[in-house]
Amino acid sequence: MAVCQVCGDIFNNETGYCPTCGAEYKIEVGGKDSQDLFREAMQRIEAGQVIDAKGLLSKAIEMDKDNASYRFYLGSVLYKLGEYEAAYNSWQKADRLLPNNERIYRCLVAVRQRITETKK
Ligand SMILES: [Zn+2]
């Protein structure tokens, strides 16, 4: 559940925007560190709230740019959202931070394939 900071409406965040007034929904970070945000993002992913997870992971990365896990999971979220180019970029950064990781490598292969398919 999300609360719009503009009109105060409570809604299920599916698009990243308030369905009532159209304002962009921003995740409140207030005092949390990147680990807290990461844990919360994992819970959101499990609950299927990938848009929220995307916001949380982006914030976590702002705080800790060199964390391969954050980049990896952001890539997964973007992939789920069909944002393949962005997912590719995120996984590539994860790959640079954590070279020769088979999981990241497999994701990169999968997303490259998707990008090629969508360009056909
Ligand atoms: Zn609103």
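A disulfide here is a pair of cysteine sulfur atoms within 2.5 Å. On that criterion, searching the whole structure turns up zero disulfides. This is a predicted model, where local features need pLDDT of at least 70, side-chain atom pairs count only at pLDDT 80 or more, and totals for chains, interfaces and linings use all residues. Residues are numbered from 1 along each chain as its sequence is written, and side-chain values use heavy atoms, with hydrogens and water left out.

Cys-7 is partly exposed, because its relative accessibility is 39%; Cys-21, at 37%, is partly exposed as well. Buried means under 20% relative accessible area, exposed over 50%, and partly exposed in between, with a 1.4 Å probe and protein chains only.

Now the rings. Rings of Phe, Tyr and Trp (its six-membered ring) pair if their centres lie within 6.5 Å; planes under 30 degrees apart are stacked, over 60 edge-to-face, and the rest tilted. The structure has seven aromatic pairs. One of them is Phe-11 with Tyr-25: centres 5.9 Å apart, planes at 85°, so edge-to-face. Phe-11 sits in strand 2 (residues 10-11) and Tyr-25 in the loop between strand 2 and helix 1 (34-46), 14 residues apart. Helices (H or I, at least four residues) and strands (E, at least two) are DSSP runs, numbered from the N terminus. Both Phe-11 and Tyr-25 are buried.

Phe-72 and Trp-91 have ring centres 6.3 Å apart and planes at 40°, so that pair is tilted. The pair ties helix 3 (residues 68-80), which holds Phe-72, to helix 4 (residues 84-97), which holds Trp-91. Phe-72 is buried at 7%, and Trp-91 at 3%. Ring pairs join Phe-72 and Trp-91 into a cluster with Phe-38, Tyr-70, Tyr-73, Tyr-79 and Tyr-84.
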